Amino acid sequence: MLDFMFFVFAALAVLGAIVLFAHPSIVHGAFALVAALTGVAGLYWTLGADFLGAAQLLLYVGGVTVLLLFAVMLTTRDVQRIQLGRYVLGSVMVGLLGMFLLQAYQGVLAVMGPADALPDPQPTTAGLGAAFLDRTQYLLPFEAVSVLLLVVLVGAVTVARRSKQGGA
Amino acid sequence: VIAPALMVAPAAAQAAQAAAQTGVSGSLSSYLAVSGVLFLLGVATILVRRNALYVLMGVELILNAANLNFVAFARFGDHGLDGQMFALFVVILAAAEAAIALAIVLRIFHDFGTIDITRTDSLRD
């Protein structure tokens, strides 16, 4: 059952990414990105990461892509064809990277050794919360990220503001 | 336009096969294959498109591929919740990055009248 769900979500993620890459319309691309991110959230669930999957849905699918769609509709006027030169460059680079990645994965899998029988996934939310607020684990990064989010909030408003005059 | 994707697919299949040979249970390698395909498609999107928003979406794909690796290794390598913690921080930082980057994109559009990354070549008025 879990294997079947893996294939469903993996197909969703990969097909979404392919459409994002290949479709000429950026609005279609943005919606394909929604599908891809949803697929990744599903893959988190098949890996037993329940809280992370939910956070992915809320933050990425609900938040980031809505922002992206707003930006798309505010800025992009027309469909852009891919130039041949860039296309060739992209293909070559991706081919090289793919070969490198394959080597790296083979090395890693050789080191990992045979997997034992895995325990059933347990709920993770309580453990994550405890780790976030544990002084010996992730409390400092957690507080730093809180400050960062405040800075981002103010910074985004400052940068995106229309008027150039008016001081500050 | 599909050709790079077709180039990637055999690579993924090969990775899964290699994993089967080394004796690791097939699952980790299949997650790695999905993550690798997402990563390569993200890179391809960034390299091929000229619209700044495509670059952003490609970055999101790459971050998700990395996150998938974190979670998969945490699950199959018996590392507890650390992999998920890293992935959570990446998600938070990606949201922050997207907010700032989109503000900058709007600003660039306002100043240049386009978000073509080959035509925005100055940082001041």
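This is a predicted model: local features need pLDDT of at least 70, side-chain atom pairs count only at pLDDT 80 or more; totals for chains, interfaces and linings use all residues.
Residues are numbered from 1 along each chain as its sequence is written, chains are lettered from A in the order in which they are written, and side-chain values use heavy atoms, without hydrogens and water.

Contact (heavy atoms within 4.5 Å) involves 84 residues from chain A and 85 residues from chain B. The buried area (accessible area, 1.4 Å probe, that two parts lose on being put together, summed over both) is about 7800 Å², with 77% given by carbon and sulfur atoms. Phe21(A), Leu47(A) and Leu109(A) supply 10% of the area that chain A buries against chain B, more than any other three residues.

Within chain B, the axes (lines fitted to C-alpha atoms over the stretch in contact, with angles from 0 to 180 degrees between N-to-C directions) of helix H3 (residues 52–76) and helix H4 (residues 82–112) come within 9 Å and cross at roughly 175°. Helices are DSSP runs (H or I, at least four residues), numbered from the N terminus. H3(B) and H4(B) are therefore roughly antiparallel, a term applied to angles over 145 degrees. Residues of H3(B) including Leu56(B), Leu63(B) and Phe70(B) meet residues of H4(B), among them Phe86(B), Val90(B) and Leu102(B).

How values were computed:
Helices (H or I, at least four residues) and strands (E, at least two) are DSSP runs, numbered from the N terminus. Angles under 35 degrees count as roughly parallel, over 145 as roughly antiparallel, 65 to 115 as roughly perpendicular and the rest as oblique.
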